[in-house]
Amino acid sequence: MELIPTQEEVLQLLRDCGALRNGHFEYQSGLHSEEFLNPALATRYYQHARTLGVALSRKVRAHTELRAMIQDLSVVSPGTGGIPVAYAVCEALHASQVYWAERDSPELPLHFQQGVGEKKGEKVLMVDDILRSGRRLTELRKMVIDLGDEPVGLGVLIYQPNPEAPSFDPLPFFYLAKLEGRYYQNPDECELCKAGIPVEKVGI
Ligand SMILES: [Zn+2]
């Protein structure tokens, strides 16, 4: 695999390890889709996480403004799913630090561990395994700004925007592959339901 794999190579890697499956799925939001991706099934393999993280780092490094600030970059994940990616990106870039946000229970806001992210004016590269609804990344961006830091870019392995996903313009945005599976807002419109294909509920 080249240092920046093609979209098809990335998707093949995800299929080969069972992270990307085709079928008939119902998300927790009620959306139906013909594709389901669980990136953790890929990033549990250290070499896969490293391969994909190095590829993402190459895209970041190719951005002139970001390349000039790499030594000062904080690579920050909005949750645990992005941690393997954040470490791989940080290692490949020789960036400054890695940390991540946590949520103690579903109704509470994201937070960082005490003492992390408290130096004002940090330049933050937000990194996650996947951008689907963008909710956690939106919350992370606000959190970073509220702490007096500066989000300077966003990188994810997979961009699989659902209909409510926001734009993060004008932040530079990097991803290795885009999945444009069709989503159905309700089962009455779902072609797979109409075809009588059994539905599998997934936990996201
Ligand atoms: Zn359906």
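What we have is a predicted model, in which local features need pLDDT of at least 70 and side-chain atom pairs count only at pLDDT 80 or more, while totals for chains, interfaces and linings use all residues. Residues are numbered from 1 along each chain as its sequence is written, and side-chain values use heavy atoms, with hydrogens and water left out.

Let me begin with the metal. The zinc ion is coordinated at 2.0 to 2.4 Å by His-24 through NE2, His-32 through ND1, and Cys-190 and Cys-193 through SG, where donors are N, O and S atoms within 2.8 Å of the metal (3.2 Å for Na, K and Ca), and sites may look incomplete because water is not among the atoms. Along the chain, the donors of the zinc ion follow the spacing H-x7-H-x157-C-x2-C. Why is the arrangement called tetrahedral? The four donor atoms subtend angles of 98 to 123° around the zinc ion, and four donors count as tetrahedral if all angles lie between 85 and 135 degrees. For reference, the ideal angle for four tetrahedral donors is 109.5 degrees.

As for accessibility, buried means under 20% relative accessible area, exposed over 50%, and partly exposed in between, with a 1.4 Å probe and protein chains only. His-24 is buried at 3% and His-32 is buried at 2%, whereas Cys-193 counts as partly exposed at 29%.

Staying with cysteines, a search of the whole structure finds zero disulfides, a disulfide being a pair of cysteine sulfur atoms within 2.5 Å. Cys-90 is buried, with a relative accessible area of 11%.

Now the backbone. The peptide bond from Asp-169 to Pro-170 is cis, with omega near 5°, and Pro-170 lies in the loop between strand 6 (150–159) and strand 7 (173–178); here helices (H or I, at least four residues) and strands (E, at least two) are DSSP runs, numbered from the N terminus. His-94, which is not a glycine, has a positive phi near 60°; His-94 sits in the loop between helix 5 (83–93) and strand 4 (97–100), and is exposed, with a relative accessible area of 62%.

Conventions: Four donors count as tetrahedral if all angles lie between 85 and 135 degrees; four count as square planar and six as octahedral if opposite donors are over 155 degrees apart and all others between 65 and 115; anything else is irregular.
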